[in-house]
Amino acid sequence: MNDDLRELYQEVILDHNKRPLNYGPLPDSNHDANGRNPLCGDHITLHVRVEDGRIADVSFEGEGCAISRASASMMTEAVKGRTVSEADTIFQQFHDLVTGTRELTAEELDGMGKLAVFAGVHDYPARVKCASLAWHTLNAAIAGSDQPVTTE
Amino acid sequence: MTGLSTSVYNVEAVRAQFPILGVRVHNKPLNYLDNANTTQKPETVIEAISSFYRTFNSNIHRASHLLGELATNQYEGARKKVQHFLNAEQWEEIVFVRNATEGVNLVANSYGRQHIGEGDEVILTEMEHHANIVPWQMLCDQVGAVIKVIPVTSEGELDLSNLSDYFTPRTKLLGVVHMSNVLGTINPVEKIIEEAHAHGVPVLVDAAQSAYHMAIDVQAMGCDFLVFSGHKLYGPTGIGVLYARRSLLEEMPPWQGGGDMIESVTFARTTYNQVPYKFEAGTPHIAGAIGLGAAIDFIQDLGIANIQAHEHDLLQHGLKALTAVDGLTLIGNAAKRASVFSFTLDGVHPHDIGTFLDFDGIAIRTGQHCAHPLMQRFKVPATARASLGCYNTTDELDALAKSLTKIRETFV
């Protein structure tokens with residue numbers, strides 16, 4: 001594989017695409033939202049159970065490209081057990097990382113753990129929406145918005 | 001039909017006329033398989049546009065100088081080229097618009113508003129591009145009319161088994177795509193038009209995809225309206241054509257108002273110019289029309305029948321090469337089709353296919369192709385689509401198949 005392509009499709013992304021974590025329904029969820037990317041036909045449903053301001057459990061379902069599936073899978077892993085405000089901080093950092101809005105500090109990057117593999121996305125404006133769809137949908141689920149999220 | 005030459009189609013000589021085919025993408029030679037999206041432009045088209053701006057740029061129909069006369073002659077000359085290209089009876093039946101989409105919008109807003117009212121019906125097909133759905137939906141929503149939809153079979157053909165049942169005394173228009181941008185299916189529009197006319201219903205044909213693959217004869221076809229875009233015909237963007245029978249154009253009210261479409265204006269009353277000018281308000285895309293004229297010359301020099309024969313060879317080769325790729329499913333399998341392949345690859349999302357192919361220099365389209373109802377019909381969220389033109393080669397198809405095999409190994 002070409003080096004630039006490898007930068008975008010890191011091994012961990014391909015792995016999460018093939019075997020996503022927390023994929024499927026969540027019968028006792030209390031926050032749910034739909035998100036879609038009309039340009040490529042991606043759609044995702046996010047299920048969250050929030051207890052005492054903490055994300056007790058989270059899962060996702062839907063169809064999407066490797067970037068969006070891996071991002072959803074790794075997001076569920078990153079936010080499960082966190083408080084809603086901690087999850088929001090990670091979202092802001094993730095957003096800055098994939099859009100290239102600002103350089104993250106070494107400490108912030110370290111705190112993001114595996115999510116840092118999405119740094120390659122900011123060179124591909126068409127794929128930023130794929131990487132951020134799950135996060136926007138999580139935001140909408142927690143905010144209790146019943147409007148479907150769209151990346152357009 | 002021109003150019004039924006006995007000489008062998010020399011694809012390398014055709015390629016040499018397209019400067020862009022020499023560029024490199026991600027350091028690979030460009031393998032352009034996105035022609036249903038837009039085609040590349042030959043040197044003669046680029047030169048015609050450049051020459052207009054360099055040597056006789058002027059407004060048309062209103063300048064009292066030599067350059068204005070030259071520009072007018074070229075613009076109107078392009079209209080006559082379109083007339084002959086479509087075998088329209090009269091040049092007055094050719095209206096320049098921005099693209100096929102604008103052509104449909106013009107018919108919906110002019111003819112449609114005049115003839116379609118509450119409780120009336122418009123027949124469309126499940127295979128339509130959004131360009132031939134949304135303008136009708138907007139009109140129907142406003143006037144309280146309804147849309148009826150002819151379904152598509154699992155082979156990707158229109159199900160015409162009970163076509164006559166779709167017509168009622170309230171049917172006011174039928175819109176049909178000549179060739180599917182997703183499946184490559186070529187629809188039997190002549191048969192549909194015959195049935196529609198038997199019920200007194202006029203037909204609009206969307207020829208955006210067919211116009212660069214096969215000869216179009218509006219008189220033999222019998223259509224009442226036909227639209228296409230210049231940019232899919234090896235011509236520039238921003239110019240398209242609406243063909244309509246003169247008797248219809250004469251009766252239709254103008255859609256957009258402004259300069260050039262009038263005969264006389266006072267604040268009390270405006271009288272309109274003759275057809276087709278009453279539908280061409282404001283300064284048109286003069287360079288675009290001239291470029292489109294050059295594109296038609298290019299196609300006719302090559303011979304549309306020769307292009308069609310070459311693309312048929314590519315279609316056969318591509319079907320064989322792609323079905324040999326593990327995990328690949330072609331969407332649609334129409335008996336009569338042109339060189340468009342929509343497919344899915346088991347375990348790889350189309351968007352990822354598009355990105356990986358791009359790094360091999362291969363340009364395709366992925367997504368829903370402005371045809372959401374058709375995607376829903378085949379229950380796929382998206383497809384990858386390779387679509388061919390006059391300059392593509394069997395080697396390029398082999399390269400596509402090879403890349404797809406490699407991609408699948410990465411993902412599965």
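## A residue pair in chain B

B:F96 is placed opposite B:V241, a residue of strand 10 of chain B. This pair belongs to a predicted model. Strand 10 of chain B covers residues 240-244 and runs antiparallel to strand 4 of chain B, to which 4 bridges join it. Strands of a sheet pair through backbone hydrogen bonds, in either the parallel or the antiparallel sense.

Strand 17 of chain B has antiparallel pairings with strand 14 and with strand 16 of chain B. Strand 14 of chain B (residues 340-345) is joined to strand 17 of chain B by 4 bridges, and B:V340 stands opposite B:S387. Strand 16 of chain B (residues 365-367) is joined to strand 17 of chain B by 3 bridges; here B:R365 stands opposite B:R385.

## A hairpin in chain B

Strand 11 and strand 12 of chain B form a hairpin, with 4 residues between them. Strand 11 spans residues 262-265 and strand 12 spans residues 270-272 of chain B, and the two pair in the antiparallel sense over 3 bridges. B:V265 has B:T270, in strand 12 of chain B, as its bridge partner.

## Chain B as a whole

Chain B contains 13 helices and 17 strands. A compact globule of 412 residues would have a radius of gyration near 22 Å, and the 22 Å of chain B agrees with this. Taken along the principal axes, the C-alpha atoms of chain B fill a box of roughly 70 × 55 × 40 Å.

Of the 412 residues of chain B, 49% count as buried. Among the contacts in chain B that link residues at least 6 apart in sequence, 71% join residues at least 24 apart.

## Chain A as a whole

Chain A has 6 helices and 4 strands. Read from the N terminus on, its elements follow the order α-α-β-β-β-α-α-α-α-β. The radius of gyration of chain A is 14 Å, close to the 15 Å that the globule rule gives for 152 residues, so chain A is as compact as a globular protein of that length.

The C-alpha trace of chain A spans about 45 × 35 × 30 Å along its principal axes. Buried residues account for 44% of the 152 residues in chain A. For contacts in chain A between residues at least 6 apart in sequence, the share that joins residues at least 24 apart is 63%.

## The sheet of chain A

In what order do the 4 strands of the open sheet in chain A stand? The order is 3-2-1-4, and the pairing is mixed. Strand 3 (54-63) and strand 4 (149-150) of chain A are the edge strands, each pairing on one side only.

Strand 1 (residues 31-37) and strand 2 (residues 42-51) of chain A pair in the antiparallel sense over 7 bridges. Within this pairing, A:H31 has A:V48 in strand 2 of chain A as its bridge partner. Helix 3 of chain A, residues 66-79, packs on the sheet and touches strand 2 and strand 3 of chain A. The direction of helix 3 of chain A makes about 170° with that of strand 3 of chain A.

## Where the chains meet

The two chains are in contact through 14 residues of chain A and 13 residues of chain B. On the side of chain A that touches chain B, the residues divide into 8 nonpolar, 4 polar and 2 charged.

Terms used
Residues are numbered from 1 along each chain as its sequence is written. Chains are lettered from A and ligands numbered from 1 in the order in which they are written. This is a predicted model: local features need pLDDT of at least 70, side-chain atom pairs count only at pLDDT 80 or more; totals for chains, interfaces and linings use all residues. Two strands pair if DSSP finds at least two bridges between them. Two residues are in contact if their C-beta atoms, placed from the backbone, lie within 7 Å. Ala, Val, Leu, Ile, Met, Phe, Trp, Tyr, Cys and Pro count as nonpolar, Asp, Glu, Lys and Arg as charged, and the others, Gly among them, as polar. The radius of gyration is taken over C-alpha atoms; the globule rule is 2.2 Å times the number of residues to the power 0.38. A residue is buried if 20 or more other C-beta atoms lie within 10 Å of its own, exposed if 12 or fewer, and partly exposed in between; C-beta atoms are placed from the backbone. Axes are lines fitted to C-alpha atoms, for helices over the stretch in contact, and angles run from 0 to 180 degrees between N-to-C directions.
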